[in-house]
Amino acid sequence: MANSFVQFRTDDTSKIKAASICERLGIDLPTYLRMCISRLIQENGIPFSMKLDPEPENRALKAMKAASQIAEEHGISDMGLDEINAEIAEARR
């Protein structure tokens, strides 16, 4: 079977984003494109989707959101730096 060269244009940003997703899936962009053509033929249509699970939330950010919620619930979310330092100094005594 002879090989054919298939070429198309896309903007640089789209190519970079697509290649990054493929890399995270463990394949390269040309492999993905060959998969698309193969499945298109097999199914006589577009039969699949490949999606990544949502990335887990950053633990530090999650902790900061929880701390903000607690501060809001206790009415101290608008404390200034001097007030916070005074609270810390008082707790250390």
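Q: Which side chain does R39 meet in a salt bridge?
A: R39 pairs with E43, at 3.8 Å from N to O. A salt bridge here is a side-chain nitrogen of Lys or Arg within 4 Å of a carboxyl oxygen of Asp or Glu. Keep in mind that this is a predicted model: local features need pLDDT of at least 70, side-chain atom pairs count only at pLDDT 80 or more, and totals for chains, interfaces and linings use all residues. Residues are numbered from 1 along each chain as its sequence is written, and side-chain values use heavy atoms, with hydrogens and water left out.

Q: How far apart are R39 and E43 in helix α2?
A: They are four residues apart, so about one helical turn separates them. Helices are DSSP runs (H or I, at least four residues; strands are E, at least two), numbered from the N terminus.

Q: How many salt bridges does the structure hold?
A: Two. The other one joins the side chains of R93 and E90, at 3.8 Å from N to O. R93 is exposed, with a relative accessible area of 77%, and E90 counts as exposed at 51%.

Q: Switching to the surface: which residues gather in a patch of negative charge?
A: E72, E73, D78, D82, E83 and E87. Helices α3 (59–73) and α4 (81–92) each give two or more residues to that patch.

Q: Which element gives the most to it?
A: α4, with three residues. D82 is found in helix α4, and D82 is exposed at 67% relative accessible area.

Q: What gets a residue into a patch?
A: Over 30% relative accessible area and no salt bridge; like charges are then joined within 9 Å, and nonpolar side chains (Val, Leu, Ile, Met, Phe, Trp, Tyr) within 5 Å. Asp and Glu count as negative, Lys and Arg as positive, while His and the chain ends are not counted.

Q: OK, which residues make the nonpolar surface patch?
A: I21, L25, M35, M50 and L52 make it, and the patch is about 360 Å². M35 is found in helix α2, residues 29–43. With a relative accessible area of 32%, M35 is partly exposed.

Q: Where is P30 found, while we're at it?
A: Also in helix α2. P30 counts as partly exposed, at 43% relative accessibility. The C-alpha atoms of P30 and S4 are separated by 13 Å, and the two residues are 26 apart along the chain.

Q: Is C22 buried or exposed? And what about C36?
A: C22 is buried, with a relative accessible area of 5%. C36 is partly exposed at 22%.

Notes
Areas by Shrake-Rupley, 256 points an atom, 1.4 Å probe, with all protein chains shown as cover. Buried < 20%, exposed > 50% of the residue type's maximum accessible area, 1.4 Å probe, protein only. Charge placed at Lys NZ, Arg CZ, Asp CG, Glu CD.
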